Each structure stands twice: as structure tokens, then as C-alpha cells.
Amino acid sequence: MSFWSRLIGREERSAAPRYGSLELFRDLLTGGRVSKGGVTVSADQSLYVTAVLAGCRVIAEDTSGLPLKLIQQQGKKRSYLTDDPVQQVLDWPNDWQSGPELREQLTLHAVLCGNGYAWKNVVRGEVRELLPLLPQWVVTTQDKDWGVIHKVTLPDGASFRLKASEVLHLRGPSWSGFAGLEIFRLAREAIGLAVATETAHAKLHSNGLHTSGLYSVDGALQKSDYDLLRAHIEANFIGEDNLFRPLILDRNAKFTPISMTGVDAQHLETRKNQIEEIARALRVFPQMIGHSDKTSTFASAEAFFLAHVKYSLLPWCLRWERTVQRDLIGKSRSGVFVKHNVAALERADIKTRYAAYGQAIKDGWLVRNEARGWEDLDEIDGLSEPLQPLNMATPGQAEDDGQQDAGGQPTKGRRPFADDLRSFDPSKHPRDENGKFRGRGAGKRRVRRMARRSIADKNHQETLDLGEIEREEFSHAAGRDVRGWRLGLGSDQVRHIHAEHGSSRTERPRGQMAVGPDDYGKLRTLVHEKGSVASGGLTRAQKLQTVVVSGAVGKARYRAVLTVNKRTRSLKVWTLTKHPL
């Protein structure tokens with residue numbers, strides 16, 4: 001809308017609030033609205049206030065830094081449309097800007113001025129370019145048919161009208177519905193007071209009188225006396241070498257020290273308050289623009305960062321996604337949409353990122369090659385299958401797991417002894433008095449898998465049953481009948497063994513070999529078949545009876561110490577060492 005059209009009232013509708021002719025002339029002369037503090041506030045001048053600049057930057061930079069991908073939903077499958085014209089124009093909108101740069105510019109315009117505009121250069125029905133338009137070039141109106149019109153006036157005086165379908169229009173919070181609110185105008189009092197306070201403080205330092213004290217004497221001083229006294233004070237009492245020297249006064253002279261006045265101190269408080277006011281108007285947390293009070297800690301700062309993502313960034317991400325859906329994708333392409341990857345904000349925190357990957361992979365909803373792709377690593381064969389948690393199943397699987405026929409044969413579902421069903425031979429496994437198999441516990445592969453998880457994740461907790469104690473030698477070594485008791489291995493003991501005996505650097509001087517995840521899979525063979533059993537005495541802390549099992553399994557000799565627990569009627573692996581043959 002031109003100045004003269006606004007002045008004589010030719011325009012019937014406008015996104016901007018109406019105001020009088022005097023204010024229009026003032027806008028023309030000063031380039032913006034005047035706040036009550038006497039400071040002219042415009043979009044360009046607002047950016048000279050560091051709080052406004054920092055608040056706009058943190059929203060624009062963080063939003064544009066998130067990957068924005070075009071996705072197609074087909075049933076249960078999602079695919080990225082990397083070669084689609086919409087994705088290409090989002091990545092490279094024009095010859096001088098990349099996708100993040102254009103989104104940063106339009107977000108900065110929308111945050112401060114309420115609207116971010118880009119003209120769509122359409123060739124043969126496809127958007128080939130997005131050309132940014134400055135907010136002061138465009139006036140958005142709504143005609144009588146509810147159609148939105150953008151009136152563009154370029155700096156060279158050329159003007160033209162664009163329909164809503166010809167413009168990518170990013171709106172901020174809106175009162176009219178077709179144009180965003182100009183935040184710099186609505187918050188002009190807070191911004192103007194910040195400018196006025198900063199200007200006053202600067203003039204106070206440049207032109208004001210600042211002294212450490214007042215030296216006064218009785219009577220009048222001649223110019224020669226004044227020059228002599230000043231030279232004497234500067235030579236003997238000013239500077240680092242003259243600190244804390246006593247001041248000698250004569251002629252009833254007095255020295256009155258002068259400290260910071262209340263007005264000076266109030267300037268600092270006002271400037272701090274205006275930072276919070278501007279942050280409140282921009283809807284950003286003061287901590288995100290470098291302003292915090294004494295109560296903020298690293299723990300509370302982390303909560304503020306999470307709140308920044310939730311309350312400051314996500315609304316702008318949603319605005320961008322809906323804007324692209326409306327102005328670039330259209331309603332005709334069902335199942336196609338754009339989505340920001342907010343997880344990219346964790347790129348700098350490698351510990352949190354890897355912990356999230358590990359949890360998702362263990363829960364089975366993320367495969368390892370997907371995580372490698374997010375880390376820009378090549379795929380590895382065999383890592384594209386999801387892992388199934390051992391202690392979880394669907395309700396149908398859980399019912400099938402417990403079903404067995406009258407003869408004890410398993411029907412389907414869970415493997416009877418965690419062994420491969422193809423190698424299962426019922427004749428080699430004993431049965432109990434009810435005719436059901438007496439399981440020999442977890443198989444080698446499951447034990448090795450549990451050991452790897454326990455070593456990789458210190459929070460992983462799992463206890464495996466390695467089978468039933470049947471050998472009579474254990475009863476002699478334990479001093480009680482332990483036949484029928486179970487042998488167990490827990491994650492905590494695996495981590496303890498790994499810390500004590502898992503490194504070749506510490507084991508080689510002892511004449512031993514490092515214990516790895518594969519070695520835990522040999523515990524069943526050692527305990528149930530090949531190991532010789534002996535009494536091991538009591539543990540130091542809990543005073544539990546121990547049993548020592550040693551023997552050769554494969555190409556090494558192992559020595560395992562087991563604790564006897566009467567309460568749980570079990571033997572648990574306490575420690576494990578590996579020795580060369």
C-alpha cells in the first residue's frame with residue numbers, strides 16, 4: 001500500500017492497523033513508528049538492539065538448520081522423494097541461496113515483520129525457483145471475494161500484483177488471518193525503551209562526569225595554586241604505583257569519595273528488564289539469547305533447551321510444513337508431505353544420540369543400518385534386520401510359547417532350550433516326573449548375545465538360566481545337596497568379569513587370556529560336562545559358600561567360581577578366568 005493511498009483512504013482493507021495522518025507523515029520522515037520513549041522503531045532499526053537480533057537469530061537459525069524432507073506415505077511404508085521437483089527447489093531455491101539460507105531469511109522476516117514472502121517462478125507447471133521478497137516491498141490485502149492479493153513495489157518503482165497461488169507466504173501469528181502481525185510494531189515500546197536506555201547510558205559514559213572523589217579547600221584557589229595542586233595529586237596519588245598511599249591535606253582540605261549513583265545502577269536494571277521484555281515478545285527463553293539470572297544452573301539450562309525446542313521452534317516448524325504443503329505440494333498429491341527432523345538438534349550430543357540409537361535398536365523398531373545411515377556411514381551386510389527383544393512377544397506368540405503336546409513335544413513359538421529346533425533331539429534331553437523336558441538353560445548364542453549387550457550398555461539388566469545342576473560333585477563341594485538347583489549368570493557379573501579379566505593388557509602379565517563374550521557361551525559345557533569341581537571357601541562380603549569349576553573347553557582352560565545361594569536355591573557365576581592350554 002502506498003503512502004498517498006493510505007493518506008487519502010483509498011484502500012478499504014489492510015493487514016496493518018489504521019492510524020492517523022500525523023503518524024503517516026512521521027513514518028515518512030523517520031522511517032518508522034515513534035515509541036513513547038521518543039525513539040523511532042522500524043524493522044531495520046530493531047535489529048540494532050542486541051536482544052531483538054539474538055532472539056530473531058536463534059529462531060531463524062535453529063529452524064533452518066533442521067533437515068526438511070519430502071516424504072510419501074504409501075500404506076505402511078514411507079519413502080523419501082529426493083528427486084522430486086519440490087524437494088529440489090527446497091534444497092536449491094535459486095542461484096544464490098541454498099535451501100537453509102532461504103528458510104532462514106524468510107523465518108527472520110516472519111518473526112520480526114510477521115510475513116516472509118518468496119515469488120514462485122513456475123515453468124511448465126513446476127516451481128523452478130523461489131525468489132525472496134522483502135516485507136517492506138509487499139502489502140497483503142484481501143478482496144471482496146476473500147481472495148488474498150500481494151501488492152509488490154520494488155525499489156526501482158516497478159509495481160505489480162501477485163495472487164496467493166504465485167507466492168510462498170510464511171505467516172507468523174495473525175490477527176486478520178491473511179497476514180501476520182508485525183512484532184516490531186507491537187513491541188515497539190519495549191524495543192524503544194531498550195534503545196533509549198542504551199543511548200542514555202552511552203552518553204553518560206561519553207559526556208558525563210565520573211570521578212572517584214571530591215577534593216575541596218577553604219577559600220579560593222589561584223590558577224597557579226590550582227595547577228600546582230593538580231600536578232601534585234596526579235604525580236603522587238594517581239596510578240597503580242601510588243595505590244593506597246596516604247593523602248596529605250592542608251588548608252582544611254577535605255576529600256569526599258563518590259561511588260556509583262542510584263541512577264547509574266537503575267540504568268543497568270532497566271536494561272536487564274528490557275532484555276526479558278523483548279524475549280517475552282519474541283517467545284524465546286532469555287537463556288537462549290545469553291541472558292540468565294543467578295539461579296540458572298547447567299541442569300536447569302538443559303531443561304530450558306528442551307523447552308526452547310518445544311515452545312519456540314516447533315510452532316515455526318509446523319508453520320513451515322503447512323506453508324510448503326499449501327504453496328508447493330498442493331492438495332492434489334495425497335500422501336505427500338514434508339517433515340522436519342527435530343532429532344538433528346542432538347547432533348552435537350554424541351552420547352545422547354548413541355544412547356537413543358542403542359535403545360531403539362534393542363527395542364526392535366530401528367535397524368542398525370538405519371542408524372549408520374543417519375551417521376553418514378555405509379551399510380554393512382547383515383545389519384538390516386530388526387532385533388527381537390528376548391523378553392518380549394505379542395499376545396499370540398506368548399500363548400503359543402506355552403503350548404506343548406502331551407508327550408512334551410513343543411508345538412511352535414519359543415525354542416525349548418534356546419537351541420535351534422532343527423538340531424533338537426528329544427532323546428538327548430531328560431524329562432521330569434510330568435513328562436516335560438528339563439531344560440538345560442539358555443543356549444550359547446543367547447549367552448553370548450547377553451554378554452555383548454551387558455558390556456556395551458551399563459544399564460542393561462538380564463539374568464540367564466544356564467540349566468539345572470545334576471552332577472553329584474557339586475553337592476560334595478558345596479557341603480549340601482544342590483542337585484536340581486539352577487545355574488545363573490547376570491549382567492552385573494558379566495560387567496564385573498569384563499572389568500577384571502576382559503583386557504589382554506592386564507591378563508597377559510598374569511599368564512592368563514582375556515575373557516570375551518564368546519567365552520561365556522562355554523560355561524554350560526564347563527559346568528555340566530567337563531569341569532572338575534572343588535570347594536572354594538566363603539566370599540568376603542556376603543560370606544557365601546563358593547564352588548570352583550575348572551577344565552579345558554575348546555582351545556583354552558577355564559576356571560569359574562560359583563556362589564551357593566540357599567535362599568534362591570541357585571548357583572551363580574561369580575568370576576571367570578581363561579588360561580592357555
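S491 sits in helix α17, which covers residues 491-501. The model is predicted. Is S491 buried or exposed? S491 has a relative accessible area of 1%. The cut-off for buried is under 20%, so S491 counts as buried. What does S491 touch beyond its neighbours within four places in sequence? The contacts are M450, S454, H460, Q461 and E462.

The relative accessible area of D44 is 52%. F184 is 140 residues away in sequence, yet the C-alpha atoms of D44 and F184 are separated by 9.5 Å.

Now step back to the whole chain. The protein has 581 residues, and 36% of them count as buried. Its secondary structure comprises 20 helices and 19 strands. Take the contacts between residues at least 6 apart in sequence: 56% of these join residues at least 24 apart.

Next, the interior. In soluble globular proteins, nonpolar side chains tend to be buried together. The largest nonpolar core here holds 44 residues. Which members touch the most other members? They are L130, I191, I278, V324 and L328. Helix α6, residues 99-113, gives the most to this core, with 6 residues. Another core lies apart from it and has 31 residues, including A478, V547, A556 and V564.

Set aside its neighbours within four places in sequence, and L328 is in contact with V86, V89, L90, K120, V127, L130, L168 and T323. One of these, L130, is also among the core members that touch the most others.

Helix α6 leads on to a packed pair. Two packed helices are described by the angle between their axes and the distance between the axes. How do α4 and α6 pack? Helix α4 spans residues 50-64, and its axis lies 8 Å from that of α6, at an angle of about 140°. Because of that angle, α4 is oblique to α6. Their crossing is right-handed.

The residues at this contact can be named on both sides. From α4 come V52, C56, R57, I59, A60, E61, T63 and S64. From α6 come P100, R103, E104, T107, L108, V111 and L112. What is the make-up of the contact between α4 and α6? Its residues divide into 8 nonpolar, 3 polar and 4 charged.

How values were computed: Residues are numbered from 1 along each chain as its sequence is written. This is a predicted model: local features need pLDDT of at least 70, side-chain atom pairs count only at pLDDT 80 or more; totals for chains, interfaces and linings use all residues. Side-chain values use heavy atoms; hydrogens and water are left out. A nonpolar core is a set of buried Ala, Val, Leu, Ile, Met, Phe, Trp, Tyr and Cys residues joined through side-chain atoms within 4.5 Å. Buried means under 20% relative accessible area, exposed over 50%, partly exposed in between (1.4 Å probe, protein chains only). Helices (H or I, at least four residues) and strands (E, at least two) are DSSP runs, numbered from the N terminus. Contact means heavy atoms within 4.5 Å. Axes are lines fitted to C-alpha atoms, for helices over the stretch in contact, and angles run from 0 to 180 degrees between N-to-C directions. Angles under 35 degrees count as roughly parallel, over 145 as roughly antiparallel, 65 to 115 as roughly perpendicular and the rest as oblique. A crossing is left-handed if the near helix is turned anticlockwise from the far one by less than a right angle, and right-handed if clockwise. Ala, Val, Leu, Ile, Met, Phe, Trp, Tyr, Cys and Pro count as nonpolar, Asp, Glu, Lys and Arg as charged, and the others, Gly among them, as polar.
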